[in-house]
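Here is a short briefing for a first look at a structure. Keep the sequence and the 3D view side by side as you read.

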Protein chains: 2
Amino acid sequence: MSTPKNAVISGSKAAARMREAAIDAFAETGYGGTTTRQIAARLDMSPAAMYPHYKSKEELLYAIAYEGHDSALQVVLGADIPEADATTRLTSIIGRFAQWQAEHHSRARVVQYELAALEPNHYRVITGVRRRTTQVVRDVVDIGIATGEFTVPDAEGVTLALMSLCVDICRWYPSGRYNNPEAISSLYADLALRLVGAVR
Amino acid sequence: MSTPKNAVISGSKAAARMREAAIDAFAETGYGGTTTRQIAARLDMSPAAMYPHYKSKEELLYAIAYEGHDSALQVVLGADIPEADATTRLTSIIGRFAQWQAEHHSRARVVQYELAALEPNHYRVITGVRRRTTQVVRDVVDIGIATGEFTVPDAEGVTLALMSLCVDICRWYPSGRYNNPEAISSLYADLALRLVGAVR
DNA sequence: TTATTTTCTAAGCACTCGCTTATAGTAGGC
DNA sequence: GCCTACTATAAGCGAGTGCTTAGAAAATAA
């Protein structure tokens, strides 16, 4: 779970609504291009309404970024099937991760593109969570190489590409025929197997 | 060429310096998070220094976005080898396009991530240029499928993935061993051939 | 109920925003 | 030389910025 174990995210209903409003606003106009008044206005509240819940605009972004990255990590961990072969595992992990990026494309955009606005200490926490998510994929790639299921000259490069491909979904989704999370999921599962040269 | 054929980009030396300063600033703090005063300060100029060259902050962004997208299109067109086979063409195009993204990662970030701040008319011009760039890749994918060089169940999806993969470079570059444009170029050329299932 | 804590608002502070205006400096053509 | 066109500045306008304070309202606990 993500909610109570760190003091980062307030459990209050109003705080959650503020985060949702902020996500929409940040996704549309960026962190620097969004004012705290605009966020409050989306909830028909006064300009000061954010401050009982978050000490600053940056703390609000941090709460959003932490919740989002932790959520993505849980999705990847939950999609893994440790007892299955590497091909099945990679299909499940990338399919679900890509689906999450599509389903939550506004959230994903804020969470992944606005990190530069975080304080150094906050930034470090977020990149730590992100590293753990990447490591789940990397481990499966390594196992697939070891068992001979995958043919990969460069595990680091391919892992980078797998993550990069999924993360970029929030920049363009939806587009053309790829306008629903299920279509994304199956496309990206296939692309992932191609990238690792899986025998099929 | 990109400079004189449209009135978008001023040929003046000072205007070019303003664009460079703005690119660095926008890449670091985003369009909304950057002030015109900060841009001027990078050139040790007064807060009003931008206005003889650009009517507004948005016009400055538009000039940057247009120049950047046009430059990327020229790179892709220049990398194509129409008389060669599809495998060679795709290798050249994606290798050079990815290399450009790495070499110009600050510029690429502004050009690709800050488009939402453009006026609708300006936005439309930019997406037009982007569509032409994508079409170059799409055409080669289609030809490779037709000649049997590539095995692709879904040309639209694979083209989307090829572009997406390259565009996302500016979000993370440099990283680990992938810290120079040549390494990016060869990695991405290989990844592209994997994605299209090229016979090798 | 009353007492306590939490959540919100009205008002406003010190400062910054994009941009305008009026003017000074400067480079090149004649 | 001098005119013209361009490039820059100083000063400042109206509006908006993140955030603070004091206190009202609302929810929760006793």
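How far apart do the end C-alpha atoms of residues 12-72 of chain A lie, and what share of the span is helix and what share strand? The ends lie 22 Å apart, and the span is 66% helix and 0% strand. Bear in mind that this is a predicted model.

**Annotated stretches of chain A**

- UniProt, in an unreviewed entry, annotates residues 12-72 of chain A as "domain: HTH tetR-type".
- UniProt also lists residues 35-54 of chain A as "DNA-binding region", again from an unreviewed entry.
- Residues 35-54 of chain A are 35% helix and 0% strand. The end C-alpha atoms of that stretch are 14 Å apart.

**The two protein chains**

- Two copies of a chain are related by a rotation about an axis and a shift along it.
- Here, a rotation of 180° with 0.0 Å of shift along its axis superposes chain B on chain A. The RMSD is 0.0 Å.
- That is the relation of a two-fold axis.
- The same surface serves both copies, as 100% of the contact residues of chain B recur in chain A.
- How many residues of chain B are in contact with chain A? There are 28, and they touch 28 residues of chain A.
- On chain B, helices α1 (13-29), α7 (155-167) and α9 (181-195) each supply at least two residues of the side that touches chain A.
- The largest share of that side, 7 residues, comes from α7(B).
- By class, the side of chain B that touches chain A has 13 nonpolar, 9 polar and 6 charged residues.

**The DNA strands**

- Around DNA strand C there are 16 residues. The nearest are Ala14(A), Ser46(A), Ala49(A), Thr35(B) and Ser56(B).
- The surface near DNA strand C divides into 9 nonpolar, 5 polar and 2 charged residues.
- DNA strand D is surrounded by 16 residues.
- The surface near DNA strand D has 9 nonpolar, 5 polar and 2 charged residues.

**Helix α4 of chain A**

- Helix α4 of chain A runs over residues 86-103.
- Its 18 residues should span 26 Å at 1.5 Å a residue. The end C-alpha atoms of α4 are 25 Å apart, which agrees.
- Is α4(A) mostly covered or mostly open? Mostly covered: 14 of its 18 residues are buried.

**Helix α9 of chain A**

- Helix α9 of chain A covers residues 181-195 and has 15 residues.
- From first C-alpha to last, α9(A) reaches 21 Å, close to the 21 Å expected at 1.5 Å a residue.
- The buried residues of α9(A) include Pro181(A), Ile184(A), Leu187(A), Tyr188(A) and Asp190(A).
- What covers the buried residues of α9(A)? The cover includes α4, α7 (155-167) and α8 (169-172) of chain A, together with α7 and α9 of chain B.
- After α9(A) comes Gly197(A), which has a positive phi near 60°.

**A closer look at Tyr188(B)**

- Tyr188(B) sits in helix α9 of chain B.
- Why does Tyr188(B) count as buried? It has 26 C-beta neighbours inside 10 Å, and 20 or more make a residue buried.
- Leaving aside neighbours within four places in sequence, Tyr188(B) is in contact with Ile94(B), Gly95(B), Ala98(B), Leu165(B) and Cys166(B).
- Leu165(B) is 23 residues from Tyr188(B) along the chain, yet their C-alpha atoms are separated by 8.4 Å.

**Backbone details in the loops**

- A cis peptide bond links Tyr173(A) to Pro174(A), with omega near -5°. Pro174(A) lies in the loop between α8 and α9 of chain A.
- In chain B, Tyr173(B) and Pro174(B) are joined by a cis peptide bond, with omega about -5°. Pro174(B) is in the loop between α8 (169-172) and α9 of chain B.
- Asp44(A) is not a glycine, but its phi is positive, near 55°. Its place is the loop between α2 (36-42) and α3 (57-79) of chain A.
- Is Asp44(A) buried or exposed? Asp44(A) counts as exposed, because it has 7 C-beta neighbours inside 10 Å, and 12 or fewer make a residue exposed.
- Asp44(B) has a positive phi of about 55°. Asp44(B) is exposed too, with 7 other C-beta atoms within 10 Å.

Definitions and conventions
Residues numbered from 1 in each chain as written. Chains lettered and ligands numbered in written order. Predicted model: local features only at pLDDT ≥ 70, side-chain atom pairs only at ≥ 80, totals over all residues. Helix = DSSP H or I, 4+ residues; strand = E, 2+ residues; numbered from the N terminus. Expected span 1.5 Å × (residues − 1). UniProt positions renumbered as here; feature names shortened; annotations may be inferred. Contact = placed C-beta atoms within 7 Å. Nonpolar A, V, L, I, M, F, W, Y, C, P; charged D, E, K, R; others polar. Near = placed C-beta within 6 Å. Least-squares fit on C-alpha atoms with pLDDT ≥ 70 in both.
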